[in-house]
Amino acid sequence: MSWKNVCEVSQVKEDFPYSATVDGKEIGVYLIDGQFYALEDVCPHAYALLSQGFVDDGKVECPLHEALFDVRTGKCLREPGGRDLHTFPTRVIDDRIQITLIEEE
């Protein structure tokens, strides 16, 4: 498994996820209840960065059309999301958040 540095731990806040491009993929990194989660950052319904949406109670709402996704699992909770989001394993090494681009099932 190949791990990639995404950002510093201090760059991710509960209300403000971090958006990054890793190997050509747009990824959002979220902090929920002390845990870091990474998922694809582009809404499948229409191009919008989910990390710019409203985050509350472990869910993120698309800023364009209000699709709702569970940050922990990527599950689409309200349409027009179209499908679940891909999630990616995370770890913290030396205050840096790393992900691997192997999609979790």
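How much of the chain over residues 4-99 is helix and how much is strand, and how far apart are the end C-alpha atoms? In this predicted model, that stretch is 0% helix and 48% strand, and its end C-alpha atoms are 5 Å apart. The range itself comes from UniProt, where an unreviewed entry lists residues 4-99 as "domain: Rieske".

**Overall build**

Let us begin with the whole protein. Its secondary structure amounts to 11 strands and zero helices, so the order of elements from the N terminus reads β-β-β-β-β-β-β-β-β-β-β, with strand definitions following DSSP runs. The radius of gyration is 13 Å, which agrees with the value near 13 Å that a compact globule of 105 residues would have. Along the principal axes, the C-alpha atoms fill a box of roughly 40 × 25 × 20 Å.

Of the 105 residues, 43% are buried. The accessible surface is about 5,800 Å², and carbon and sulfur atoms account for 46% of that surface. Taking contacts between residues at least 6 apart in sequence, 38% join residues at least 24 apart.

**Backbone details in the loops**

In the loop between β8 (76-78) and β9 (87-88) you will find Pro-80. A cis peptide bond joins Pro-80 to Glu-79, with omega at about 25 degrees.

Two aspartates come next. Asp-23 sits in the loop between β2 (18-22) and β3 (25-32), and its phi is near 50 degrees, a positive value in a residue other than glycine. Asp-33 belongs to the loop between β3 and β4 (35-40); although Asp-33 is not a glycine, its phi is positive too, at about 50 degrees.

Are Asp-23 and Asp-33 buried or exposed? Asp-23 counts as exposed because its relative accessibility is 55%, and exposed means over 50%. Asp-33 is likewise exposed, with a relative accessible area of 64%.

**Two residues and their surroundings**

Which residues does Gly-58 touch, leaving out those up to four places away in sequence? They are Ile-32, Phe-69, Asp-70, Val-71 and Arg-72. Gly-58 itself lies in the loop between β5 (54-56) and β6 (59-61). With a relative accessible area of 5%, Gly-58 is buried, because buried means under 20%. From Gly-58 to Arg-91 the sequence separation is 33 residues, and their C-alpha atoms are 18 Å apart in space.

Neighbours within four places in sequence aside, Trp-3 is in contact with Pro-89, Thr-90, Arg-91, Gln-98, Ile-99 and Thr-100. Trp-3 and Ile-102 are 99 residues apart along the chain, yet 9.6 Å separates their C-alpha atoms. Trp-3 has a relative accessible area of 25%, so it is partly exposed.

Here are the accessibilities of these residues side by side.

| Residue | Relative accessible area | Class |
|---|---|---|
| Asp-23 | 55% | exposed |
| Asp-33 | 64% | exposed |
| Gly-58 | 5% | buried |
| Trp-3 | 25% | partly exposed |

Notes. Residues are numbered from 1 along each chain as its sequence is written. This is a predicted model: local features need pLDDT of at least 70, side-chain atom pairs count only at pLDDT 80 or more; totals for chains, interfaces and linings use all residues. Side-chain values use heavy atoms; hydrogens and water are left out. UniProt positions are given in the numbering used here, feature names are shortened, and annotations may be inferred rather than shown by experiment. Helices (H or I, at least four residues) and strands (E, at least two) are DSSP runs, numbered from the N terminus. The radius of gyration is taken over C-alpha atoms; the globule rule is 2.2 Å times the number of residues to the power 0.38. Buried means under 20% relative accessible area, exposed over 50%, partly exposed in between (1.4 Å probe, protein chains only). Contact means heavy atoms within 4.5 Å. Accessible areas come from the Shrake-Rupley method with a 1.4 Å probe; for residues, only the protein chains shown count as cover.
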